[in-house]
Amino acid sequence: MPRRKRKGLKRDIGVDPRHGSDLLQKMINVIMDSGKKNIARTIVYDAFDELLKRNKNDEQKAMEYFTKAFAQIVPAVQVRPRRVGGSVYQIPTQVDFERGRSLALRWLITAAKARNDKTMGLRLAHELVDAYEGRGGAVKKKSDVHRMAEANRAFSHYAW
């Protein structure tokens, strides 16, 4: 049996039962801690219910709101360290779709945890609202990563 995973084989995680979205299902899986999926579902659905309230109970608009807020967080570039001749350079590289999505989910959840709202569902909802409006911790993290890549653009010729 090979020790390494074969590249390109992605496990299908399905869609979430309430809205039929694979992105919401991925968010539930990332929020899940110690296998407690029902608690993670409650958190994500509380946040989505808050978005529904903001969009006058129109589920279609709430889902568009969620996807646009999430798209504001997904990075286009990242920096990777590379050792060249005894010194380490931060080399900007493009982010592929899956990596960008996972980074955005991680940043969104970390920023939501740092907020001061009462429940995690409200924290996540308010972070999504801030992301939709172009502010908040997750959007700041994305802009910091983009700024770092722009500052190290001179080293992009080391990417091979």
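Which residues of α4 are buried? Keep that in mind while you set up the view. The model is predicted.

**Whole chain.** Show the chain as a cartoon. Its secondary structure comes to 6 helices and 2 strands. Trace from the N terminus: the order is α-α-α-β-β-α-α-α. Along the principal axes, the C-alpha trace spans about 55 × 45 × 25 Å.

**Surface.** Colour by burial next: of the 160 residues in the chain, 37% are buried.

**Charges.** Select the charged side chains. There are 33 positive and 18 negative ones. The centres of the two sets lie 9 Å apart.

**Helix α4.** Select residues 97-113, which form helix α4. Check its length. The helix has 17 residues, so at 1.5 Å a residue it should span 24 Å. Its end C-alpha atoms are 24 Å apart, which agrees with that expectation.

Now show the side chains and return to the opening question. The buried residues of α4 are Gly100, Arg101, Leu103, Ala104, Leu105, Trp107, Leu108, Ile109, Ala111 and Ala112. Arg101 is one of them, so to speak a charged name on the buried list.

**The cover.** What lies over these buried residues? The cover includes the helices α1 (22-31), α3 (59-71), α5 (120-132) and α6 (137-151). Strand β1 (77-84) is also part of the cover. Select each in turn, with α4 kept in view.

Definitions and conventions:
Residues numbered from 1 in each chain as written. Predicted model: local features only at pLDDT ≥ 70, side-chain atom pairs only at ≥ 80, totals over all residues. Heavy atoms only, no water. Helix = DSSP H or I, 4+ residues; strand = E, 2+ residues; numbered from the N terminus. Buried < 20%, exposed > 50% of the residue type's maximum accessible area, 1.4 Å probe, protein only. Charge placed at Lys NZ, Arg CZ, Asp CG, Glu CD. Expected span 1.5 Å × (residues − 1). Contact = heavy atoms within 4.5 Å.
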